Amino acid sequence: GCVIKKVQVTMDTNSVKQIVSFLNSLNIPYVIHAGFGLHLRGFSSEMDDIDVKVYHDDLDFIYEKAKNYFKGTSIKKVSGGSGNFGSYIFDRIEIETKTPIDICTRTGALKGNLGEFEFPFSLEIFENVEVFDFKGILIPVVSIESLFLYYLILDRGENDHKNDRDKIVEILNSKHFEEKSFYKLLNHHLQKDLAVNLYRSFLNC
């Protein structure tokens, strides 16, 4: 079986309350993904920010709403090419709450010789969620297969202090990951073969 390492909870509760309250006020589907999403699912992960994905095509609309809601807090829209650990290929909103918040609509990464990879973006992804209770705050979290794909593509190493391969192994060993659901997530995706080949090559390591 899989031994799940204990994660020190350093997430600022008020930051979580603020972003959930803001997103709920918009009445637009959203999910928590990346490190905090993985933590809420009981896995080892970094807790240095709150990554949010919103089902909306107009990031400027979200940005204007956020500026009004988070008055007195530094907030900026950041262009796609400025990310660390595998460059972002889409713009995002950064909110400097005690635990920083990143809001994206579409998401993707530029990863070495693989080129650009856009993560799946459909209403189904925002409907296929589980809701977790974090200190009394109800939070929709993206599927474990979506989280797996995120770490599979980024594949950041120890030098980046991310150790994505540890996360990949932990997810695969957890028995929560379903290969059938992973393939379904990639249905009709233009880069399905790339993702599937990465997955299969990882299984064969």
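Of the 205 residues in the chain, 48% are buried, that is, under 20% relative accessible area with a 1.4 Å probe and only protein chains counted (exposed means over 50%, partly exposed in between). This is a predicted model, in which local features need pLDDT of at least 70 and side-chain atom pairs count only at pLDDT 80 or more, while totals for chains, interfaces and linings use all residues. Residues are numbered from 1 along each chain as its sequence is written, and side-chain values use heavy atoms, with hydrogens and water left out.

The chain contains 8 helices and 10 strands; these are DSSP runs numbered from the N terminus, helices being H or I with at least four residues and strands E with at least two.

In soluble globular proteins, nonpolar side chains tend to be buried together. A nonpolar core is a set of buried Ala, Val, Leu, Ile, Met, Phe, Trp, Tyr and Cys residues joined through side-chain atoms within 4.5 Å. The largest one here has 31 residues, and Ile19, Phe36, Val52, Ile103 and Ile139 have the most contacts inside it. Helix 1 (residues 13-26) gives the most to this core, namely 6 residues. Another core, of 30 residues, lies apart from it and includes Ile144, Tyr150, Tyr151 and Phe202.

Helix 6 (residues 164-173) has Asp164, Lys167, Ile168, Glu170 and Ile171 buried. They lie on the same side of helix 6, because they cover an arc of only 165° around the axis, taken from the directions from the helix axis to the C-beta atoms. Their cover includes helix 2 (34-40), helix 5 (144-154) and helix 8 (192-203). Just after helix 6, Lys175 takes a positive phi of about 70°.

Notes. Contact = heavy atoms within 4.5 Å.
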